[in-house]
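Here's a quick briefing to read with the structure open next to you. We'll start with a term, then go topic by topic.

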Amino acid sequence: MLLAYARVSRKEQNLDRQLIKFAELGIEERFTFTDKQTGANFERDGYQLMRRTIREGDLLYLDSLDRLGRNYDGIISEWKHLTRTIGADVIVLENETLFDSRKFKTMGDLGKLLEDQFLSMLAYVAEQERKKNKQRQAEGIAVAKEKGIRFGRQKIEIDDSFIAAYTIWKAGQSTAVAAMKSVGMNRATWYRRVAEYEGRE
């Protein structure tokens with residue numbers, strides 16, 4: 001049976017490029033497992049479902065080795081579990097000439113040795129890339145903060161419309177609900193702004 005596993009790191013990223021490749025290979029949609037989650041560990045719903053589904057003699061396709069994961073030890077351990085413990089085969093489309101576990105199996109013990117060496121090299125590269133990505137992300141956030149760019153939900157400033165609504169409410173001429181609606185704030189935001197404003201006085 002043909003299976004495939006596709007992964008991207010974040011929910012806003014698109015799986016289509018990988019899924020198109022698998023569809024062109026004739027892999028049924030029900031046997032294509034997906035995750036939108038970091039590759040730092042293997043506790044992913046789609047991956048774990050694939051792991052429970054795959055059987056001896058099955059063939060699993062990956063777009064690239066880092067789609068399997070980005071943890072050096074984990075990649076090697078999972079590859080060996082799939083190919084040696086379960087007895088399935090794995091093909092990595094990006095490096096198909098090197099990473100087709102069927103080729104290694106035909107070479108006996110030498111094949112295992114070569115497979116281990118290739119895996120170690122590429123798994124190491126995948127993990128280093130993950131570390132570099134995290135470092136670049138941290139550096140980018142630091143630079144953005146230095147430039148005054150704020151992250152998270154934008155803060156609603158205390159402006160004249162808030163002050164007017166607050167004054168009317170404090171004078172008892174308006175309910176808190178009406179005051180909130182007039183400035184487009186929910187209850188939590190309203191009372192947070194109230195505390196900030198009163199703290200200024």
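A residue counts as buried when its relative accessible area is under 20%. Keep in mind that this is a predicted model. With that cut-off, Gln18 comes out as buried because its relative accessibility is 3%.

**Around Gln18**
- Gln18 sits in helix H1, which covers residues 16-24.
- A polar atom of the Gln18 side chain is 2.9 Å from the backbone oxygen of Arg7.
- Leaving aside residues up to four places away in sequence, Gln18 touches Tyr5, Ala6, Arg7, Val8, Asp63 and Arg67.
- As for H1 itself, the helix lies across strands E1 (2-8), E2 and E3, and runs at about 170° to E1.

**The sheet**
- Four strands make up an open, parallel sheet, and their order is E2-E1-E3-E4.
- E2 (32-36) and E4 (89-92) are the edge strands; each has a single partner strand, so one side of each has no neighbour in the sheet.
- On average, neighbouring strands here are turned by 20° against each other, ignoring direction.
- E3 (residues 59-62) and E4 run parallel and are joined by 4 bridges.
- Leu59 is the residue opposite Asp89 in E4.

**Helix H7**
- H7 spans residues 160-170, and its buried residues are Phe162, Ala165, Tyr166 and Trp169.
- These cover an arc of only 100° around the axis, so they lie on the same side of H7.
- The general rule behind this: an α-helix has 3.6 residues a turn, so residues three or four places apart point the same way.
- After H7 comes Gly172, with a positive phi near 80°.

Notes: Residues are numbered from 1 along each chain as its sequence is written. This is a predicted model: local features need pLDDT of at least 70, side-chain atom pairs count only at pLDDT 80 or more; totals for chains, interfaces and linings use all residues. Side-chain values use heavy atoms; hydrogens and water are left out. Helices (H or I, at least four residues) and strands (E, at least two) are DSSP runs, numbered from the N terminus. Buried means under 20% relative accessible area, exposed over 50%, partly exposed in between (1.4 Å probe, protein chains only). A polar contact is a pair of N or O atoms within 3.5 Å; within protein, one must be able to donate a hydrogen and the other to accept it, and residues adjacent in sequence count only if both atoms are side-chain atoms. Contact means heavy atoms within 4.5 Å. The arc is that of the directions from the helix axis to the C-beta atoms. Two strands pair if DSSP finds at least two bridges between them. Axes are lines fitted to C-alpha atoms, for helices over the stretch in contact, and angles run from 0 to 180 degrees between N-to-C directions.
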